[in-house]
Amino acid sequence: MGHQAVQHLRLDGIRMRDPFILEAAPGEFVLFGTSDENVWGGPATGFDCYTSRDLEHWEGPIAAFRPPAGFWADTQFWAPEVYALDGRFFMLATLATSSGARPRGVAVLASDNPTGPYQPWSDGPVTPPTQPCLDGTLHVDDGGARWLVYSRGTEGTPAGPGIRDGELYAVHLSADLRCTVGEPVLLFAASSANWTRPLRFPEGVEPPKGLNLATDPLFTDGPFLIGGAGGTLLMLWSSHGEDGYAMGLAESVSGTVTGPWIQRPEPLWSSDGGHGMVLRASGGRDYLAFHWPNSTPDERVRLTEVDVSGAGIRIL
């Protein structure tokens, strides 16, 4: 990151976690993601983005967000997602403080242009102020109501470790996306999927101290909602499986965000990759974007065509 010259790159040349692709106009794509070199700690730079017209050749990095002086967060800037709404562009991003003065949370940023620069829009995080939260994604229901779906991960606070069984929640967003309205609704816990396994670090390897993780946690992250055929509602989400980082699929029985949600028995992607989203391109093709592998600093964006139907998501 920093003051880099704009480069012409292919996806395998872009180091990035948690990718998110916005089609800002027909055939004009913008790639966002976690791209700080200091992913797990140290001062955060901000968020960069890349642009493309064919999903193969990309130009960047472009500085999409740089925190203003006095900004509340200063480390671990993760998982930006950008949506076009009301003639503007809104970024949901996970941010944290190195001091631990306030828990990690999801905040909203806004810009008049898809590539930024983005400016603070919400007054700090819109997620619960006493709980570490991450990976916010937007869902607009059939009635036009706006929802934030996010992970209550297994991160803790300076007061103590996090919960052992990670959870996913939904909460109403105000029409202007500046704050949430009402109480969050628990959608499901990591243990509801039979493919999840505890995250155990190799002998001699310690988790980042600032995360204050629970011991051997079942975690949730990276939710993303998409409508399938016949009014179905599907959710991609990630956890740890038998072969490492993995991405699962859940379906809402009611077809609405509050569920109840049932888990597919096997992960969609089972080995060392996850935090995915589906790009429904204007050309008629659907793509799954996620990062693989999951090891730092080897993360790269993987883009593969998928079929989205009432039965689920199938990698082609």
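Okay, housekeeping. Since the model is predicted, local features need pLDDT of at least 70 and side-chain atom pairs count only at pLDDT 80 or more, while totals for chains, interfaces and linings use all residues. Residues are numbered from 1 along each chain as its sequence is written, and side-chain values use heavy atoms, with hydrogens and water left out.

So, the big picture. The protein chain has zero helices and 21 strands. Those are DSSP runs numbered from the N terminus: helices are H or I with at least four residues, strands are E with at least two. The C-alpha atoms fill a box of roughly 45 × 40 × 40 Å along the principal axes. A compact globule of 316 residues would have a radius of gyration near 20 Å, and the protein chain, at 18 Å, agrees with that. That radius is taken over C-alpha atoms, and the globule rule is 2.2 Å times the number of residues to the power 0.38.

How much of the chain is buried? Of the 316 residues, 54% are. Buried means under 20% relative accessible area, exposed means over 50%, and partly exposed is in between, using a 1.4 Å probe and protein chains only. As for contacts, meaning heavy atoms within 4.5 Å, take those between residues at least 6 apart in sequence: 51% of them join residues at least 24 apart.

Two strands pair if DSSP finds at least two bridges between them.

Next, have a look at strand 8 (residues 105-111), where seven of seven residues are buried. In a regular strand the side chains alternate between the two faces of the sheet. Here, both faces are covered: Gly-105, Ala-107, Leu-109 and Ser-111 are buried on one side, and Val-106, Val-108 and Ala-110 on the other. Strand 8 pairs antiparallel with strand 7 (residues 88-96) over seven bridges, and Phe-89 has Ser-111 as its bridge partner. Strand 8 also runs antiparallel to strand 9 (residues 119-120), joined by two bridges, with Ala-110 opposite Gln-119.

On to the cores. A nonpolar core is a set of buried Ala, Val, Leu, Ile, Met, Phe, Trp, Tyr and Cys residues joined through side-chain atoms within 4.5 Å. Which members of the largest core touch the most others? Among its 48 residues, they're Leu-31, Trp-58, Leu-236 and Ile-313. Strand 19 (residues 286-291) gives the largest share, four residues. Apart from this core lies another, of 20 residues, including Phe-71 and Ala-107.

Leaving aside neighbours within four places in sequence, Ile-313 contacts Leu-236, Leu-249 and Val-308, among others.

Last up, cysteines. A search of the whole structure finds zero disulfides, a disulfide being a pair of cysteine sulfur atoms within 2.5 Å. For Cys-179, the nearest cysteine sulfur is that of Cys-133, 16 Å away. Cys-179 counts as partly exposed because its relative accessibility is 38%, whereas Cys-49 is buried, at 0%.
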